[in-house]
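Here are my notes on this fold, as numbered points. Please read them with the model open.

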Amino acid sequence: MKGLIIDVRNDPGGLLTSVVEIVEPFIPKGKTIVQIEDRNGQKEQTTSQGTGKPYPVTVLINKGSASASEILAGAMHDSAGASWSARPRSAKERCS
């Protein structure tokens, strides 16, 4: 594989546990997937047990991307070195 594009445009989200399962193979072991802080300032960090991937990854997002899809895009960008494209969809794309 030369590269991978993950399209989460207009994805309203999902479960955090699902995001962790999806991104873990792409993020090298020990790197942060997500960190949650509660009202009392207690932090819970989820780290990867994955191996990472040798090919480039790009995540497509837009204003319709929310919740878990935003966490996916952020984790892939921050911990796996993925790029992201946040351009709005064209009229042609919306009609297809």
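**Notes on strands and helices**

1. Glu-37 has Lys-43 in E3 as its bridge partner. Strand E2 (residues 32–37) and strand E3 (residues 43–47) run antiparallel and are joined by five bridges. Two strands count as paired if DSSP finds at least two bridges between them. Five residues lie between E2 and E3 in this hairpin, and Gly-41 in the turn has a positive phi of about 85°.

2. A word on provenance. This is a predicted model, in which local features need pLDDT of at least 70 and side-chain atom pairs count only at pLDDT 80 or more, while totals for chains, interfaces and linings use all residues. Residues are numbered from 1 along each chain as its sequence is written, and side-chain values use heavy atoms, with hydrogens and water left out.

3. Overall layout. The protein has three helices and five strands. Helices (H or I, at least four residues) and strands (E, at least two) are DSSP runs, numbered from the N terminus. Along the sequence the pattern reads β-α-β-β-β-α-β-α. The C-alpha trace spans about 45 × 35 × 20 Å along its principal axes.

4. The parallel sheet. Three strands form an open sheet, ordered E1-E4-E5, with parallel pairing. Its edge strands are E1 (4–7) and E5 (83–85), each pairing on one side only. Neighbouring strands are turned by 25° against each other on average, direction ignored. Axes here are lines fitted to C-alpha atoms, for helices over the stretch in contact; angles run from 0 to 180 degrees between N-to-C directions.

5. Four bridges join E1 to E4, and Ile-5 stands opposite Thr-58 in E4. Three bridges join E4 (residues 57–60) to E5. On the E5 side, Thr-58 has Ser-83 as its bridge partner. Val-59 has Trp-84.

6. Which helix lies across E1, E4 and E5? Helix H2 (residues 68–80) does, running at about 155° to E4.

7. Helix packing. The axes of helix H1 (residues 16–23) and H2 come within 9 Å and cross at roughly 30°. H1 and H2 are therefore roughly parallel to each other. The cut-offs for such words are under 35 degrees for roughly parallel, over 145 for roughly antiparallel, 65 to 115 for roughly perpendicular, and oblique for the rest. The crossing is right-handed, that is, the near helix is turned clockwise from the far one by less than a right angle.

8. Contents of that contact. Leu-16, Val-19, Ile-22 and Val-23 in H1 meet Ala-68, Ile-71, Leu-72 and Met-76 in H2; contact means heavy atoms within 4.5 Å. By class, the contact of H1 with H2 has eight nonpolar, no polar and no charged residues. Nonpolar covers Ala, Val, Leu, Ile, Met, Phe, Trp, Tyr, Cys and Pro; charged covers Asp, Glu, Lys and Arg; the others, Gly among them, are polar.
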